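Please look over the sequence and the model shown here before reading on.

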Amino acid sequence: MMRFYSFRVALALLLLLAPLTLLAQAQYLLRGVVRGTDGGALPGANVAVPTLGLGAATDANGRYELSLPAGRHRVVASFIGYKTVTEDVNLRGPQRLDLVLSAGTELQEVVIEGSGTLEQKLQTTQMGVERLSAREAKLLPALFGEVDILKTLQLKPGVQNGGEGTSGLFVRGGSADQNLFLVDDAVVYNPNHLFGLFSTFNSDVVQSVDLYKSGFPAQYGGRLSSVVDVKLREGSRDSFGVSGGIGLISSRLAVEAPIKKGKGSFLVAGRRTYFDVFTRQINKLNEDTKDYNPIPDYYFYDLNLKANYQLTDKDQVFLSGYFGNDVFGFNSTRGFNFDFHWGNRSATARWSHVFSPKLFTNSTATWSYYTYNIANKLDQFSFGLGSNIRDWNLRSDWEWRPTEKHVVRFGGSGTVHHFGVGRLQANGGSFNIGQNVEYDGLEGGLFAADNFTVTDKLALDYGLRLTGFRSGSNDYGGLEPRAAARYSLTPSLSLKASYALMYQYVHLVTNSGASLPTDIWYPSRLSVKPQRSQQVSTGFSWLLGAGKFLLTDEVYYKWAQRQIDFRDGAQLFVNPELDAEFLFGRGWAYGNEIYLEKKQGKTTGWLGYTLAWTKREFEPQRGTNGINGGRAFFPTYDRRHNLTLVLLHKLNKRVNLTGSFVYTSGNPTTLPTARIGVQDVYGGELQAVPIYPDRNSFRLPSYHRLDLGVVYKLKPWRTIGGESDLTLSIYNAYNRRNPYFIYIDEVKNEETGLPERYRARQVSLFPVIPSLTYNFKF
């Protein structure tokens, strides 16, 4: 009897505790968005539950998801440069928890990446990705004190610059037009100001920049070499704020405020140079001077706007726009005027909707426009030349998390292109000539990808993109498979590999090594087929020194078809048969990138080294000998060695010391090796005609430069609060005269006046340049 009673008691207790046991084992989804106090989402922030050993990094929109057992948990959110936030939750079902992080009131440890911890970079499947935040870019020395996101990217391995003072990117052997620049999902076709010396990205409004060099996610397409994805800040949802800076050549101002507190915000930022203010005064003072040549006017300005609003718990809308112009003008007292202006415009409207904790979508509409115009006037004669490209784009991106092991992304996009390839207008006293060359194009793409965590050691990221393009009666298309894998040999060592195939349907018509405002965008049509490339890469990531250092080594090989160049003497401007001027060939690039970074302690930084080869080959075609008779050659952006060293040291609570050193091999160039004397039958002046060898058969001297900087944080303003600092930058600290280009100078005999010899002369742009910038925020 006693045994039966004990059995009934045990059974009753079991039935009583069973629901509690099941409740304790139940898993629920905790999700939300991590933002800064300025309202901007923080991509790459860490959200963790330390007691369970679980954590996740936020995506590009600041969203996170954690699958947790029911019960009470302490959630910790952290992001480099921000104060850590801890929240307690009592999880009894799916729950939303948004987290707000405030920036440190003092300069914290100087950091390099905004992408979270080194452990996250170790565990991610993606290869060849660099994430940069505006906060870190502002610490580095800058030319004229003007912070430049693209120049900071040039300090990463595998990324070459276009030459002294330029912002162009040449990534893993790709040309300048093979980079896709996105600002809030809108394409920017010329991301440069001041003929390439500065980029169009205002550091005051940039939240983060992601650079993809290989293993491209399936949602990106249309270029062969890289994707530069720029996300703008959203503005504070809680308070009014003003920030900006006053520099040597430009000033910046940004204003942000809530539309409705806690629900939405707006951000407006502007920037302008003031070269023209000084040059106009100099010209005015000398307007009565005989034979005085006025100094040309030049200035650039840009304006960024962004607004966001939380319609419901599941719906949010974003609006952003960019407007920027460069203006160059020369007005001579002799009746000759020259005006040249170029600029970008873009607009983005995005709706984000959460269907369930496992499914959400972004629907985006963008408009992009790039144009340049040249206007000359001499007395009664005027001449104008211009070109433009205009895009309208619709895209839909979906993310579905069916299980903890899978993250599925899929969607599609469509773009309508309009190419103003050339516009000519000439007017005289008795004539008027006009001609336009225009084309249209339609580009579309569908994609699907899955990030699959197979085991704790093995993760796969695979996808497929289907693309197509139509211009006139010409249709093109192709499949673009993408794949990446990560295998963890140990908790501190991972092996990685990736593969990507890409198509490019629009091309930049340029006859120079650097991207200039006069370059023309041209569609695939007639004989101009889409460019195509494939890239494989493999390597490892290794945590060293108790997690303080991360060493990565990546080896890549890229081969490309239908690469484009021009026949000698090509007519580029206002040519309705421009496709007949092209030559087509193949290219390949390969190299090894070694990267060591440190993110903890008072001294942080990175060291990068790239050993690389880039080649192009254009066989005889179209009645020509091709290029170099069909022999392979090195393009102007080939660099054998590239070394970068960046160090940042926190001296004390108010002072940061920064420095960067760059060394690259000289870029290939073409110089004449001999001259032939030519004289007409009437015995006129003897002319020396240069004889050129194969293209790019010489190399310029190597390029190296040391930049130094000091960031001094001023005491908080006692009247209105806020923070400010003085930034001293020394560009080219040891005054290295790096080559911009080489020209051949003629030396004549003093007695006969005939050419005696020729010598190569080097032109350099920048000596040592100190600059001081005052930055403020309140």
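Which residue in strand 32 is the bridge partner of Val506? The partner is Pro523, and this bridge belongs to a set of four that join strand 31 (residues 506-509) to strand 32 in an antiparallel arrangement. The structure is a predicted model, in which local features need pLDDT of at least 70 and side-chain atom pairs count only at pLDDT 80 or more, while totals for chains, interfaces and linings use all residues. Residues are numbered from 1 along each chain as its sequence is written, and side-chain values use heavy atoms, with hydrogens and water left out. Strands, like helices, are DSSP runs numbered from the N terminus (E, at least two residues, for strands; H or I, at least four, for helices), and two strands pair if DSSP finds at least two bridges between them.

Strand 32 (residues 520-523) is covered on both faces, with Ile520 and Tyr522 buried on one side and Trp521 and Pro523 buried on the other; buried here means under 20% relative accessible area, exposed means over 50%, and partly exposed lies in between (1.4 Å probe, protein chains only). In a regular strand the side chains alternate between the two faces of the sheet. Tyr522 is also one of the residues that touch the most other members of the largest nonpolar core, together with Phe198, Val421 and Phe582, in a core of 51 residues. Such a core is a set of buried Ala, Val, Leu, Ile, Met, Phe, Trp, Tyr and Cys residues joined through side-chain atoms within 4.5 Å. Strand 30 (residues 493-504) gives the most to this core, with four residues. Leaving aside residues up to four places away in sequence, Tyr522 touches, among others, Phe419, Val421, Tyr439, Val506, Leu578 and Phe582, where contact means heavy atoms within 4.5 Å. A second, separate core of 24 residues includes Val206, Val228, Leu232 and Ala254.

Another region shows strand pairing in an open sheet, where four strands follow the order 3-2-5-6 with antiparallel pairing. Strand 3 (54-57) and strand 6 (85-91) each have a single partner strand, so one side of each edge strand is left without a neighbour in the sheet.

Glu130 forms a salt bridge with Lys213, their closest N and O atoms being 3.9 Å apart; Glu130 is in strand 9 (residues 129-133), whereas Lys213 is in the loop between strand 16 (206-212) and strand 17 (226-232), 83 residues apart. Both partners are buried, Glu130 at 5% relative accessibility and Lys213 at 2%. Asp210 and Arg131 form another salt bridge, with closest N and O atoms 2.5 Å apart, and because Asp210 lies in strand 16 and Arg131 in strand 9, the pair ties together parts that are 79 residues apart in sequence. Asp210 is buried at 4%, and Arg131 also counts as buried at 16%. Asp185 and Lys231 meet in a salt bridge as well (3.5 Å, N to O). Finally, salt bridges that share partners join Glu130, Lys156, Arg172, Lys213, Glu554 and Glu593 into one network.

How values were computed. Salt bridge = Lys/Arg side-chain N within 4 Å of Asp/Glu carboxyl O.
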